[in-house]
Amino acid sequence: MTENAITVLQTARPHGFPTTKDFVFVESAIPDPAVGNALVENLYWSVDPYHREMMDDVPGGFALHTPLEGRTLGRVVASRTPELPEGEIVFHRQGWRTHSVVRAEEIRRLPRFDGVPLTAYLSVLGGTGLTAYVGLTRIARLREGDDLFVSAAAGGVGTATGRFARLLGAGRLVGSAGSAAKVHHLTREVGYDAAFDYRDGPAAELLAKAAPDGIDVFVDNVGGEQLAAAVGALREFGRIVRIGTISRYNTPDARPPHFNYSDIVEKSLRMEGFLVSNYRDLQDELYEFAVPHLQSGRLALDQTVVDGFEHIVDAFLGMLHGKNTGKIIVRDHA
């Protein structure tokens, strides 16, 4: 155990992309848990696109000069409650700090599956995987043979969506990404049939080339021009799953997408967004689906792992600039 606890605070509201100046690392004594609580030494931290939204002055957002929240795995190292035995590995949301004091109702116990690494609980078995699973099975109501287009396909949700869709019997998979290397990863490793770098030209033209016969489902992590392109490419009774709007997180003044609104009616399209927090009751169903595939090797982990809590801000900023492939996770040195 380290000698002191370290916590990351947000100190300013960013304008556009955040910088290291918007955060501060604060060192303090390791806290002692009160009766009914336990002290967790954190081992793995998740940094996610939604953190950027919460940095703004929005309802439910991060308060300035307070510890940031985030999905985290840690080990109970001191306990004053029989509900949290020392040595147990738990999931909680008091991240962006090396040590957290938690109550039993604030943690989730992790079932341990043979051959499944802990990082999976922050990627395909965690909120990232649950987002992809809900999007495909509950929102898109994916049918065998459906052709999909996924934006930001090389990120955590995008890679999970592609791999899950393939396991669920999808037809042609098309993805967009932000570099030639990511496009290569999608087609060579993740299982996408085609992919394009969205920087290479107008999204509608790139999508038409990658999916000349159209698509049935669009899983949208980006919004903007790619959303407009997908509306044009969707077939009759197509579905749009709205997960995120990365294109506007750091450029709020960007113009909204312009598309043919009559397409929504004439092609009987459906667009639906969701918050994964409303589907946590599907966690066990996700385990039942994904764990056997992880154990058999049919489902691989797409992860970028950064070593050292001192690099958590850099990892977050790098993710916003697209430097990761798959889910980005920060790991303790130990």
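Which residue's side chain meets that of Asp220 in a salt bridge? In this predicted model, the partner is Arg242, with an N to O distance of 2.9 Å. Asp220 belongs to strand β11 and Arg242 to strand β12, so the pair ties together parts of the chain that are 22 residues apart in sequence. Both ends of the pair count as buried, Asp220 with a relative accessible area of 0% and Arg242 at 19% relative accessibility, which falls under the 20% cut-off.

The two strands that carry this pair belong to an open sheet of six strands, arranged in the order β10-β9-β8-β11-β12-β13 with parallel pairing. The edges of the sheet are formed by β10 (194-197) and β13 (270-273), each of which pairs on one side only. From one strand to the next, the twist averages 15 degrees. Strand β12, spanning residues 234-242, runs parallel to β13 and is joined to it by four bridges, and Val241 has Glu272 of β13 as its bridge partner.

Two helices were examined against this sheet. Helix α6 (residues 224-233) packs on the sheet, where it touches β8 (148-150), β9, β11 (215-220), β12 and β13, and its direction makes about 150 degrees with that of β12. Because eight of its 10 residues are buried, α6 is largely enclosed by the rest of the structure; the buried positions are Gly224, Gln226, Leu227, Ala228, Ala229, Ala230, Val231 and Ala233. Helix α4 (residues 180-190), in turn, lies across β9 (173-177) and β10, and runs at about 170 degrees to β10.

Helix α2 (residues 127-139) is also mostly covered, with 11 of its 13 residues buried, among them Leu130, Tyr133, Val134, Leu136 and Ile139. The helix is followed by Arg141, which has a positive phi near 50 degrees.

A further parallel pairing, over five bridges, links strand β14 (residues 303-307) with strand β15 (residues 327-331), and here Thr304 stands opposite Ile328 of β15.

The largest nonpolar core comprises 51 residues, of which Leu73, Leu125, Leu148, Phe164 and Leu186 touch the most other members. When neighbours within four places in sequence are left aside, the contacts of Leu186 are with Ala153, Ala154, Thr159, Gly175, Ser176, Ala177, Gly191, Tyr192 and Ala195.

Besides the pair formed by Asp220 and Arg242, one of them joins the side chains of Arg270 and Glu272 at 3.0 Å, N to O. Arg270 is partly exposed, with a relative accessible area of 25%, and Glu272 is likewise partly exposed, with a relative accessible area of 26%. Salt bridges that share partners also join Asp48, Arg71 and Lys327 into one network. In another pair, the side chains of Arg103 and Glu106 meet at 3.1 Å, N to O; Arg103 is partly exposed, with a relative accessible area of 37%, and Glu106 is partly exposed as well, with a relative accessible area of 28%.

Technical notes: Residues numbered from 1 in each chain as written. Predicted model: local features only at pLDDT ≥ 70, side-chain atom pairs only at ≥ 80, totals over all residues. Heavy atoms only, no water. Pairing = 2+ DSSP bridges. Axes fitted to C-alpha atoms, helices over the stretch in contact; angles between N-to-C directions. Contact = heavy atoms within 4.5 Å. Buried < 20%, exposed > 50% of the residue type's maximum accessible area, 1.4 Å probe, protein only. Core = buried A, V, L, I, M, F, W, Y, C linked by side-chain atoms within 4.5 Å. Salt bridge = Lys/Arg side-chain N within 4 Å of Asp/Glu carboxyl O.
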